[in-house]
Amino acid sequence: MSAARKTDVLIVSAFTADGEGGNPAGVVLEADRYSPAEKQAIAAAVGLSETAFVSRSNVATLKLEFFTPRRQIAHCGHATIATFGIMGAMGRLTDGRHSKETIDGLRDVWVEGPRAAMRQLAPRYRAVDAPAVLQALGVPFNALDPRFGPVRVDTGNGFVLVGLRSAEALQALTPDMARLTALSEGDDLVGFYVFTTAAPAGFDATARMFAPRYGINEESATGMAAGPLAGLLHERGDPRTAFAIEQGRFMPSPSPSRLEACIDVEDGVVR
């Protein structure tokens, strides 16, 4: 990338809680002029967990590409919300239904001023090597919530979800990043979403997210994992279809975030 080329990067925090915390994403508008290698270099220089690049699309409102500091990723919840939210706030998108084109197809997005919501695919579940996951996360077996043993869930990105009995157990996690990276490579995972339903008032779960394969040791808000968690909570016995999830409170540098996930249920199945 030429040293003379200037790149404007908007830094937008999504999933803030009462205007605080949240997860910052880089947003680059009018990104058609950049090559994939240049986008990766920009994302590495920005240094946030994800940077979104906005380009023209012939099949959707806009095309979005997401890059972590290390590699491209198919989808990113908080960077999607940040992009559509800031474009709505700037008056570049009208209120209502929109869509994004990604490397993995089209997704619907709704805009209301600076607020945005996105649709994910229906969850797909698959068994994982539970002992290996627990060992890599540093989870003693007696800390595991028996309702929520490790399971791989995919709504566009693959995550392993693991439920713990208490907030104390969640806070005490000491994950082995090298082992998590190896497990992520072996099962094509973005990361590990560890949670507990022993959450503060106003939340249905509190969570931590580890994605070292993508250069993210811990992330403060992960929209693409919050959706699958809402689906899992419903399918494991919670009759509600709307959930509030806290994330980021137990990070080394806390950034408490609020994620709201709603699910569609048809004939008892999350759609």
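Select F195 to begin. This is a predicted model, and in it F195 is buried, at 0% relative accessibility. The cut-off for that label is under 20%.

The centres of F148 and F195 are 5.2 Å apart, and the planes meet at 65 degrees. Angles over 60 degrees count as edge-to-face, so this pair gets that name.

Colour by secondary structure next. F195 belongs to strand β12 (residues 191–196), while F148 sits in the loop between α3 (130–137) and β10 (151–154). The pair therefore ties together parts that are 47 residues apart in sequence.

How many aromatic pairs are there by this rule? The count is two. For the other one, select F53 and F67. These rings are edge-to-face, with 5.6 Å from centre to centre and 90 degrees between the planes. F53 is in strand β3 (residues 51–55) and F67 is in strand β4 (residues 62–67), so the contact ties together parts 14 residues apart in sequence.

Are F53 and F67 buried or exposed? F53 is buried at 0% relative accessibility. F67 is buried too, with a relative accessible area of 3%.

Select R71 and Y214: the charged end of R71 sits over the Y214 ring, 5.3 Å from its centre. Then select R258 and F203. Here the charged end of R258 sits over the ring of F203, at 5.0 Å from the ring centre.

Methods
Residues are numbered from 1 along each chain as its sequence is written. This is a predicted model: local features need pLDDT of at least 70, side-chain atom pairs count only at pLDDT 80 or more; totals for chains, interfaces and linings use all residues. Side-chain values use heavy atoms; hydrogens and water are left out. Rings of Phe, Tyr and Trp (its six-membered ring) pair if their centres lie within 6.5 Å; planes under 30 degrees apart count as stacked, over 60 as edge-to-face and the rest as tilted. Helices (H or I, at least four residues) and strands (E, at least two) are DSSP runs, numbered from the N terminus. Buried means under 20% relative accessible area, exposed over 50%, partly exposed in between (1.4 Å probe, protein chains only). A charge sits over a ring if NZ of Lys or CZ of Arg is within 6 Å of the ring centre and within 35 degrees of the ring normal.
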